[in-house]
Amino acid sequence: MDTTHRTDQQRSADQRRRELLEAADRVVLRDGPQASMNAIAAEAGITKPILYRHFGDKGGLYRALAKRHTDALLAALRTALDAPAERRQRVEATLDTYLAAIEARPQVYRFLMHPSEDAGHQSEQGFDIGRHSAPVLRRMGEELAQVIAERVDLGPASEVMARVWGHGIVGMMHAAGDWWLGERPCTRAELVRGLADLLWGRLEQVDDRAGGAGF
């Protein structure tokens, strides 16, 4: 088999994988945490064994969906952090970007972060969602920690403190956003201001790293 043929095959497989993920997204948008492998296969017009062939198992499909949505969210958060604005405005824009994302697609958020209420820690067809949501948050925490470490000087233990801040901010956004999405006790703007106030004390005091983009 020549290189061109192998490349064409890989391109075709990648395209098919994207199509299957898009079908899975449509089911998740409709069914949330109750999205089943049977429903996803039916939406894609294939059998469940073919779906397994592309993703290995149920966990493989979940991880692929989680990466797809986490990549998009992290890109949006970085755009908010890179906006030409004062630090407080960038902080608020970043918080608002996260909250807007979970507000716009609550079923996707619940699929990624919450097991089905009807089936303990597994959804109808065995998605062990509770086991996979923690890595999503850890990845977001590490990504934010890297941004913080690049942009602000937190003193002698700057790298460690950046990780503390990164994971702490992600944990705060997740917990507050989860509560807000369920109860809607205030507007999104009010929640953003409240969370920014909570973060602002130390952020207002630290200096940007020399030559960095700033935070």
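Biologist: Why is phenylalanine 111 called buried?

Modeller: Buried means under 20% relative accessible area, with over 50% exposed and partly exposed in between (1.4 Å probe, protein chains only). Phenylalanine 111 comes out at 1%, so it counts as buried. Tyrosine 62 is buried too, with a relative accessible area of 1%.

Biologist: Happy with that! What should I keep in mind about the model?

Modeller: It is a predicted model, where local features need pLDDT of at least 70 and side-chain atom pairs count only at pLDDT 80 or more, while totals for chains, interfaces and linings use all residues. Residues are numbered from 1 along each chain as its sequence is written, and side-chain values use heavy atoms, leaving out hydrogens and water.

Biologist: How many aromatic pairs does a search of the whole structure find, and what makes the pair of tyrosine 62 and phenylalanine 111 tilted?

Modeller: The search finds one aromatic pair. Rings of Phe, Tyr and Trp (its six-membered ring) pair if their centres lie within 6.5 Å; planes under 30 degrees apart are stacked, over 60 edge-to-face, and the rest tilted. Here the centres are 5.5 Å apart and the planes at 40°, so the pair is tilted. Tyrosine 62 lies in helix H4 and phenylalanine 111 in helix H6, so the pair ties together parts 49 residues apart in sequence; helices (H or I, at least four residues) are DSSP runs, numbered from the N terminus.

Biologist: What lies over the face of tryptophan 180?

Modeller: Arginine 184 does, at 4.5 Å from the ring centre. The rule asks for NZ of Lys or CZ of Arg within 6 Å of the ring centre and within 35 degrees of the ring normal.

Note on methods
Helix = DSSP H or I, 4+ residues; strand = E, 2+ residues; numbered from the N terminus.
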